[in-house]
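Dear colleague,

A short account of the findings follows it.

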Amino acid sequence: MPASFRAGYLPAMFEGRQRLQARARRFLSRFGRGPTAFMRVAYQVPRQVVLVTASHAGERALWPVDWHMPVGFEPPRYALAFGRDAHGTKLLLRAGCFVVNTIPAELEPIILEAGRRSGHDGDKLDALGLSTSPALFVEAPCLVAAIGRLECTVEDAREWGDRVLVVGRVQHAEEAPRDTATLHHEWRR
Ligand SMILES: Cc1cc2nc3c(=O)[nH]c(=O)nc-3n(C[C@H](O)[C@H](O)[C@H](O)COP(=O)(O)O)c2cc1C
């Protein structure tokens with residue numbers, strides 16, 4: 001290594017790094033850190049809430065999800081992060097398919113109730129009085145109240161800590177031509 005490089009460039013890089021770390025520390029002391037900061041940053045823009053539906057061997061599942069996004073155009077793919085031990089996750093993985101239902105904001109009380117209950121305790125679709133119709137391209141129920149839906153088959157599913165990241169291949173997409181706001185969720189803690 002040339003002497004000039006050792007003498008000038010590396011120490012300058014080191015000092016630059018220290019300055020950046022000090023700035024980061026000042027920033028963190030003003031705005032918080034840790035898991036709460038992670039969630040606040042992840043929810044700086046409110047996240048759209050969808051209801052996922054699945055069915056298998058006569059059992060049905062329904063649950064709200066706001067960790068989701070499109071991950072491909074050709075072919076269309078959609079990714080969602082589900083609780084590893086949740087009833088819906090297990091049923092969806094057995095079924096190999098599911099539906100992402102986008103829902104109008106006025107269904108908020110029902111959506112929150114669907115998030116409080118577990119399918120382990122009985123059929124949530126019945127309990128919440130939600131009407132369904134069969135999906136066209138996969139074996140799963142669709143919500144009649146939905147304003148859009150993605151019918152997906154499971155293309156990939158892998159565990160990441162407490163979540164299962166599922167990548168669905170979108171077999172069919174449909175939207176109801178309705179001028180309705182969708183529900184978005186903020187992190188309020
Ligand atoms: C607004 C909202 C958003 C949610 N988003 C997610 C999510 O993205 N991923 C997840 O695993 N659980 C999410 N949940 C929690 C599940 O919906 C909840 O654990 C549900 O009761 C699981 O039901 P199950 O046991 O019948 O599968 C969310 C809950 C609410 C109310």
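**F98 and its surroundings**

F98 touches V52, T53, A54, L92, A140, C152 and G168, leaving aside residues up to four places away in sequence; contact requires C-beta atoms, placed from the backbone, within 7 Å. This is a predicted model, in which local features need pLDDT of at least 70 and side-chain atom pairs count only at pLDDT 80 or more, while totals for chains, interfaces and linings use all residues. Residues are numbered from 1 along each chain as its sequence is written.

F98 stands opposite C152 in strand 9. Six bridges join strand 6 (residues 97-102) to strand 9 (residues 148-160), and the two run antiparallel. Strands (E, at least two residues) and helices (H or I, at least four) are DSSP runs, numbered from the N terminus.

Seven strands form an open sheet in the order 3-2-6-9-10-5-4, with antiparallel pairing; strands pair if DSSP finds at least two bridges between them. Strand 3 and strand 4 (68-72) are the edge strands, each pairing on one side only.

As to the ligand, 20 residues surround it, the closest being W67, A86, G88, G115 and G119; a residue counts as near if its C-beta atom, placed from the backbone, lies within 6 Å. Two or more residues of this shell come from each of strand 3 (59-65), strand 5 (77-83), helix 3 (87-95) and helix 4 (108-116). Strand 3 gives the most, with four residues.

Yours sincerely

Note on methods
Contact = placed C-beta atoms within 7 Å.
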